[in-house]
Amino acid sequence: MKNKSKIIVILASLLLILTFFFPLWYIDLEAPQYPEGIGLEIWLNKITGQNPHDLENINGLNHYIGMKTIDPESIPELSIMPFIIIFLILVGLTSGILGKRSLVYIWIVLFFIIAAIGLYDFYMWEYDYGHNLNPNAAIKIPGMAYQPPLIGSKMLLNFNAISMPHVGFWILFVVFVLAAVALFIDNKSNEGIK
């Protein structure tokens with residue numbers, strides 16, 4: 001690989017460090033009784049409320065409709081994700097330093113596979129929380145499920161649930177694009193040599 005492409009891959013790898021400092025995803029719940037809004041932020045290693053007591057309030061609301069408590073300590077993915085990102089950083093740095101195109105292709109494929117598995121896992125987590133309800137809940141509506149959308153918005157009783165990527169996700173997207181750009185630039189410069 002040419003130096004320009006190597007530098008792009010190395011910088012892209014280092015950009016992944018920023019994902020430790022920004023949420024990957026958010027879920028907003030809009031309802032008349034919460035005019036200031038209420039919501040969750042999903043990070044690599046934790047789930048927090050968007051405001052100081054949002055997680056507690058959401059767990060309280062969920063209790064009435066029979067949803068499980070959202071307990072970040074009981075979600076194993078939150079302890080695994082930081083190691084996956086560190087692994088991706090190391091593979092990216094190795095690819096850039098060695099300048100091997102094949103390693104960058106492997107890095108991009110790994111990135112894509114991990115992202116697809118992550119989104120599927122998140123969908124299944126939402127499905128479990130929204131469908132496996134306590135039959136003894138105070139509020140029961142036959143046939144009603146409370147799964148928020150993976151992406152977009154959906155009405156759940158009088159709440160509009162909005163689920164969207166956050167800053168951390170867009171950092172991952174930029175890293176993926178930069179890796180592809182590095183390969184494109186390298187391929188173009190190799191064509192110019194012929």
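Predicted model: local features only at pLDDT ≥ 70, side-chain atom pairs only at ≥ 80, totals over all residues.
1. Helix α3 (residues 77-98) packs against helix α4 (residues 101-131) with their axes 9 Å apart and at an angle of about 165 degrees. Angles over 145 degrees count as roughly antiparallel, and α3 and α4 are therefore described as roughly antiparallel to each other. The crossing in which α3 passes α4 is left-handed.

2. On the α3 side the contact is made by E77, I84, F87, L88, V91, G92, T94, S95 and L98, while α4 contributes L103, V104, W107, L110, F111, I114 and D121. Sorted by class, this contact of α3 with α4 has 11 nonpolar, three polar and two charged residues.

3. The largest pocket, with a volume of about 820 Å³, is lined by 29 residues, and those nearest its centre are M81, I114, A115, G118 and L119. Helix α4 gives the most to this lining, with 11 residues, and α3, α4 and α5 (167-193) each supply at least two. The lining of the largest pocket has 26 nonpolar, one polar and two charged residues.

4. The second largest pocket has a volume of about 380 Å³, and of the 22 residues that line it, L29, L61, N62, I65 and M67 are the closest to its centre. Two or more lining residues come from each of β1, α2 (54-65), α4 and β5 (159-165), and α2 gives the most, with five residues. By class, this lining divides into 18 nonpolar, three polar and one charged.

5. Y26 lies in strand β1 (residues 25-31). Not counting residues up to four places away in sequence, Y26 touches L40, E41, Q50, I162, S163, M164, P165 and H166.

Note on methods:
Residues numbered from 1 in each chain as written. Heavy atoms only, no water. Axes fitted to C-alpha atoms, helices over the stretch in contact; angles between N-to-C directions. Helix = DSSP H or I, 4+ residues; strand = E, 2+ residues; numbered from the N terminus. Parallel < 35°, antiparallel > 145°, perpendicular 65-115°, else oblique. Left-handed = near helix turned anticlockwise from the far one by under 90°. Contact = heavy atoms within 4.5 Å. Nonpolar A, V, L, I, M, F, W, Y, C, P; charged D, E, K, R; others polar. 1 Å grid on protein atoms, 1.4 Å probe; cavity = no way out; pocket = protein on both sides within 12 Å on 5 of 7 lines; lining within 4 Å. Points joined across faces, edges and corners; volume = space filled by probe spheres on them.
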